[in-house]
Amino acid sequence: MEYLITPTSATNWKINQADFIESLKQHWSKIEINLINNAEDFYSLEWIIKFPNKNQRLDGALHQDKQGISLDGDLETCANFAIWFRSLVPENQALLFYDQGYNFDIQLQKNTQILDFMKICLTTV
């Protein structure tokens, strides 16, 4: 399933791509990163994180505007990524996690936990 993480409203904040790449490499050992050098592409960076013990993977992409992230994977894996990503972003920058169809959303706070995602998703089913 596809999920997104974006600011809740217009902002000048942007993800520093070089720092983000380093953070990805430091946090996940089983990661493949692909820089996209085409300014007309919707993404500037794509990655695949493999979880061999779960036989799963998480595909992710940084939007060209450096403000959004697209994720493709199961909810729990994407939610864990979102919680980790929230820790990299200044606390005053509001972020929203939602599914591609916008059936649910959750404000990503510094104290957001995996259970918060499950509660929201279960109430929308």
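User: Is Glu22 buried, partly exposed or exposed?
Analyst: This is a predicted model, so local features need pLDDT of at least 70 and side-chain atom pairs count only at pLDDT 80 or more, while totals for chains, interfaces and linings use all residues. Side-chain values use heavy atoms, with hydrogens and water left out, and residues are numbered from 1 along each chain as its sequence is written. Buried means under 20% relative accessible area, exposed over 50%, and partly exposed in between (1.4 Å probe, protein chains only). Glu22 has 40% relative accessibility, so the label is partly exposed.

User: Which residue's side chain meets that of Glu22 in a salt bridge?
Analyst: A salt bridge here is a side-chain nitrogen of Lys or Arg within 4 Å of a carboxyl oxygen of Asp or Glu. With an N to O distance of 4.0 Å, the partner is Lys25.

User: How many residues apart in sequence are the parts that Lys50 and Glu32 tie together?
Analyst: Their side chains meet in a salt bridge at 2.8 Å, N to O. Lys50 belongs to strand E3 (residues 43–51) and Glu32 to strand E2 (residues 31–35), so the pair links parts whose separation in sequence is 18 residues.

User: What is the relative accessibility of Asp59?
Analyst: Asp59 forms a salt bridge with Arg57, the closest N and O atoms being 2.7 Å apart. Arg57 counts as partly exposed at 42%. Asp59 also counts as partly exposed, because its relative accessibility is 24%.

Definitions and conventions:
Helices (H or I, at least four residues) and strands (E, at least two) are DSSP runs, numbered from the N terminus.
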